[in-house]
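Subject: Structure handover and notes

Hi,

Here is the structure I promised to pass on to you. Please open it next to this message, and then read on for what I found.

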Amino acid sequence: MTGDSSRAAPDLIAIVRRVYQAALELGTTRGADRSRAVRSLALALKHSADNILEANTLDLEASREMAVPELILDWLKLTPERLQTTIQMLERLSELSDPIRKVMNASYQLEHSQTYCQLMPLGTIALIYEAFPELGAIAAGLCIKTGNSLILRGGSEASHSNAAIAEALKLALDDCGMPPGCLELLPAEQGSSLQDLVTQDRYVNLVIPYGRPSLVQQVVRCATTPVLRSAMGNCYLYWSPSGSLELARWMILDSHQSEPDPVNAIEKVLIHSNQKPSSLAMLWNNLKEKGFKIRGDAELVAEFPELTLVDDKEWSEPYLTKTVAFKRVESLDAAIAWINRYSSGHADCIVTESYQENRQFALGVNSASTYINASPRFSRNPSRGDAVFLGMSNQKGQRRGFISLDALTTLKHIVQGNGRF
């Protein structure tokens, strides 16, 4: 299905075409030049930090007057520490090896020729994001590094912050000689609708929505372009009878430490029926002391009246707050079946001392990632490895799991003949 460009606002069509043309030019640039441009993005944020933070203050004041939910205010608040973390991520990206045009063996060979594959840019990427003003800068670094152009479409609650960041980034890219139009910001409060953007499949090669599930679902429903869904919250933990109480407690608490967004926060816990009531009470009391709200299924509420009853629809929905719901199950098989039905499917966990159980869980759970006796806490800038992440995806198809540099590339097959036929 091809989007009907004629129905979109003329300004949007002009912008999208300009970004598309920039992507064609950007894809042919040298890796060293793109790395230098990413370093310039970091410097631009550093030099413009005061202006960006002032703009963010305006957004926060306006959002509070409009009674924007506290969750969005937390995502919106751009502290000096968050901005510094973003700068560090861009600096790190600039130092990574060039992901583009790596040569790989092809799985087949044609007669009288040599066939090989190369990693190539996707082209034009659109990021549609709610609050999180620093995500625009992180996405810009990932896209420039991979030779992709970028369209930013932020929410109206972060309009001043997004504009200040985009202005600083665009000036840096111009100074580095990057193609004009390789980064564009579409203000949310004026011009074309979200649907106009996500139906430009002639020019836009990938859309990444980031925010609450309602935003992601809206983009998926409307888009004719490929969509890389991001996921947040509603991760499950299965607490086996052999699993340690202390480890289960730590995994839950640590998973909620991701800031500013609880991407992999454990919000649902399935407990084996053999777990001691005293262990459950100890866990709940400790979580309550840390400011958590505790909920339970009907069986648990009947036994522990102090718990709040979970509504059936909550098992498949993220809370995105410090809330954890508990449910009893009779077996690992039952836990896996429940998780596969209700989890968001991007990060699920098990606490167990049994090797057989952890293998069964890892193979049976239909999630992008599984964590065995380990916290699923998410970091965009992990201290180990050569990767920077934008978020997590729970879908199969385009990419699954961590959204990193590789997720913004594609394969090109090249056949080199020798003149014989």
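The notes below cover strands, salt bridges and aromatic rings, in that order.

Two points on the ground rules. This is a predicted model, so local features need pLDDT of at least 70 and side-chain atom pairs count only at pLDDT 80 or more, while totals for chains, interfaces and linings use all residues. Residues are numbered from 1 along each chain as its sequence is written, and side-chain values use heavy atoms, with hydrogens and water left out.

**Strands**

Helices (H or I, at least four residues) and strands (E, at least two) are DSSP runs, numbered from the N terminus. Two strands count as paired if DSSP finds at least two bridges between them. Strands of a sheet pair through backbone hydrogen bonds, either parallel or antiparallel.

Strand S9 (residues 293-296) is another one to look at. Four bridges join S9 to strand S11 (residues 323-329), and the two run parallel; arginine 295 has alanine 325 in S11 as its bridge partner. S9 is also joined to strand S10 (residues 308-309) by two bridges, again running parallel, with glycine 296 opposite leucine 309 in S10. Between S9 and S10 the chain passes through helix H12 (residues 298-303), and this β-α-β crossover is right-handed (with the strands pointing away from the viewer, the path from the first strand over the helix to the second runs clockwise).

**Salt bridges**

A search of the whole structure gives 15 salt bridges, each a side-chain nitrogen of Lys or Arg within 4 Å of a carboxyl oxygen of Asp or Glu. For burial, I use buried for under 20% relative accessible area, exposed for over 50%, and partly exposed in between (1.4 Å probe, protein chains only).

- Arginine 18 and glutamate 184 form a salt bridge, with their closest N and O atoms 3.2 Å apart. Arginine 18 is in helix H1 (residues 10-26) and glutamate 184 in strand S5 (residues 183-185), so the pair ties together parts that are 166 residues apart in sequence. Arginine 18 is partly exposed at 36% relative accessibility, whereas glutamate 184 is buried at 8%.
- Aspartate 33 and arginine 30 meet in a salt bridge at 3.1 Å, N to O. Here aspartate 33 is buried, at 18% relative accessible area, and arginine 30 is exposed, at 53%.
- Glutamate 134 and arginine 82 form a salt bridge whose closest N and O atoms are 2.8 Å apart. Glutamate 134 lies in helix H6 (residues 134-145) and arginine 82 in helix H5 (residues 80-95), so this pair ties together parts that are 52 residues apart in sequence. Both glutamate 134 and arginine 82 are buried.

Salt bridges with shared partners also join Arg18, Lys170 and Glu184 into one network.

**Aromatic rings**

The whole structure has nine aromatic pairs. Rings of Phe, Tyr and Trp (its six-membered ring) pair if their centres lie within 6.5 Å; planes under 30 degrees apart are stacked, over 60 edge-to-face, and the rest tilted.

Tryptophan 315 and tryptophan 338 have ring centres 5.7 Å apart and planes at 85°, so they are edge-to-face. Tryptophan 315 is in the loop between S10 and S11 and tryptophan 338 in helix H13 (residues 332-342), 23 residues apart; both are buried. Lysine 327 lies over the face of tryptophan 338, 4.4 Å from the ring centre (NZ of Lys or CZ of Arg within 6 Å of the ring centre and within 35 degrees of the ring normal).

Phenylalanine 389 and phenylalanine 402 have ring centres 4.4 Å apart and planes at 25°, so this pair is stacked. Phenylalanine 389 is buried at 12% relative accessibility, while phenylalanine 402 is partly exposed at 35%.

Best wishes
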